Amino acid sequence: MTSSRHWSLGAKLLMVGAPFLLLVFIATAATLWVSWQLDGGAAAVNEAGRMRMQSYRMSLSVGTGETSQLPDQSAEFERSLATLKNGDPERPLFVPWDDDTTARFAVVESDWARYRAQWIAAKPTVFESLRADTVAFASHIDAFVNSIEVHIAHWTALLHLLQMSMLASVVVGATVLLYTGYLFVLEPVGQLKQAIEKIQRGDFNARVERVSSDEFGTLADGFNGMAEHLQSMYKNLEGKVAEKTNLLQEKSERLESLYAVTNLVAKATSLDALAQDFTKNIAKISHADGVALRWSSQGGQRHLMLAAHGLPAALVDAEQCLYAGDCHCGSAVGSTLNVIPIQSATPAPLAHCARAGFETVVTIPVRLHDVLMGEVDLFFHARVNPSPAERSLLEALSSHLASGMENLRLNSLEKEAAVSQERHLLARELHDSIAQSLAFLKIQVQLMRDAIKTCDEPGVAKILEEIDLGVKESYGDVRELLLHFRTRTNTEDIEPALATTLQKFEHQSGVKTTLSIQGQGLPLAPDVQIQVLHILQEALSNVRKHARASQAWLDVEQQPTWRFAVRDDGIGFRPETDQFDETHVGMRIMTERAQRIDATLEVFSTPSRGSSVILTLPTPSHPSTSNAARIVD
């Protein structure tokens, strides 16, 4: 039993083209070899021509008596002889040696030996035979050149022959390849194209005949199989298209629903608004006849009605508060969606649901991190059983609702913490300023009573002066606190707020102020601006209370980071020793405010030379461009 050998398309084309490729390769190699010989022979002819010119130059030097150049010319001639004899490794130069060229080169060498001995080495005084000897010497060189040119002519003829053979091989090979290409490639491709055109016109009975065992035969089998598959699929195409269309529409509606609920959760500002809008949206999405959203108390003991949509008022009143396990018209069971058929359940708990005309309740637990936050109840007048896709959508919507409820709770806690923190700061500032002043006044009042009892008039006058000074200090502290609490930033640029702060300080204390702003940086956030202004106001308050200064400066740098420096020309203090000075109350407040915005606060002071308070904000992540300094007095 014999098996036929299957040749691939590549093997067939290789068998046809290989002889021509081999022939072209041989002809190309021969052409290159002949070209190399021609290059070497041409270089040898040029070198021999130089020898003829050199012989005339030496003859001219001997005849004119200018023999100083003869040694160099003689050496150059000998180098040319050596090059012709041995070849040149740096370039293709070689003589096609045969008997004729060898004999003629030997004549040239013997003539050179005799010419050199007679006319160069001997230094003759009679030059009658110089011309004849030079002409004879040059003629022998010409004969040597002619022998080389004979070979060059043969090689040139051979090169032309090789070129013609290569051209003929290319023409014949191209013709054969075109024919075989048409036979093995174009004709099967044409048949395949005709079959494809029939398929495009809707004729799924089109087939391609397998005429070879190569790749086109395999392609024909694949095309025929594909045509059969298309023919079978086309019969059910309309049904599949409708199925895919419904699936895409379902996914599109699901995405729209998720986007609507996500947008609702993101924009909700209160739990009541979130609950009302969510019930309306989920009723529309699930096509439910009624929706109830319940909130679960901590521990899951009670379920309170947050919002309802499409439910009778009697049913809403009956289910305002449900205890765990009551299961009137809905109760979350487990951690997944639950379907409760009303008619098949016990009549007592679900009686008012049946009276309202509902037949099915779908309960969806609202959970976040395994913590039950409530449930969503969907009421239907018909028997329904959500598909897996609908169950997944409803559970995803309940998850979004849980996230929104948690975000509202966290935002409320954050606001409460902010209010509590601000109240704590207010109480601390009142304690550190007004309370201390009132305590001082209380002591002075007691001292005044004692002085009145002892009729110490000078002491009474002194204590009255202290009380007057304390009342003025307390009044100034109250006004300053009111100024701090009214501080607001209405623009992105902090410069107007800084200028207003310095104007109020200058009006209150009588101390001249100067504002200097350099650079151009990114604007500060409003909350950061508030903290910066409070810190600068506290620093200026310390200048008013303790520095005894005549002038204060506020220097602001915006590059490479925001930097605020409050300087004065007051009496100063020693930071390392004055640890219990009352100015440290304000320093503690400023330090705490700086820590809130991740800033650093530094204090520098020298007795009798003033003080400096420097606030440096964190380096921003975006670059800024500097400009000329702006000075505001």
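This is a working chat about the predicted model shown above.

Biologist: Before we start, what kind of model is this, and how are the residues numbered?

Modeller: It is a predicted model, in which local features need pLDDT of at least 70 and side-chain atom pairs count only at pLDDT 80 or more, while totals for chains, interfaces and linings use all residues. Residues are numbered from 1 along each chain as its sequence is written, and side-chain values use heavy atoms, with hydrogens and water left out.

Biologist: How many helices and strands does the protein have?

Modeller: There are 14 helices and 12 strands, taken as DSSP runs numbered from the N terminus (helices are H or I with at least four residues, strands are E with at least two).

Biologist: And what share of the residues is buried?

Modeller: Of the 633 residues, 37% are buried, where buried means under 20% relative accessible area, exposed means over 50%, and partly exposed lies in between (1.4 Å probe, protein chains only).

Biologist: Let's go to strand β8; which strands does it pair with?

Modeller: Strand β8, residues 551–557, pairs in the parallel sense with β7, residues 512–518, over seven bridges, and in the antiparallel sense with β9, residues 563–568, over six bridges; two strands count as paired if DSSP finds at least two bridges between them.

Biologist: Which residues sit opposite each other there?

Modeller: Q518 stands opposite E557 of β8, and on the β9 side the bridge partner of A552 is D568.

Biologist: Which side chains of β8 are on the covered face?

Modeller: The covered face holds A552, L554 and V556, whereas Q551, W553, D555 and E557 are on the uncovered one.

Biologist: Changing topic, is S80 buried or exposed?

Modeller: S80, which is found in helix α2, residues 70–86, is buried because its relative accessible area is 2%.

Biologist: What does S80 touch?

Modeller: Leaving aside neighbours within four places in sequence, S80 is in contact with E47, R50, M51 and Q54, contact meaning heavy atoms within 4.5 Å.

Biologist: And L186, buried or exposed?

Modeller: L186 lies in helix α4, residues 130–200, and counts as exposed because its relative accessibility is 51%.
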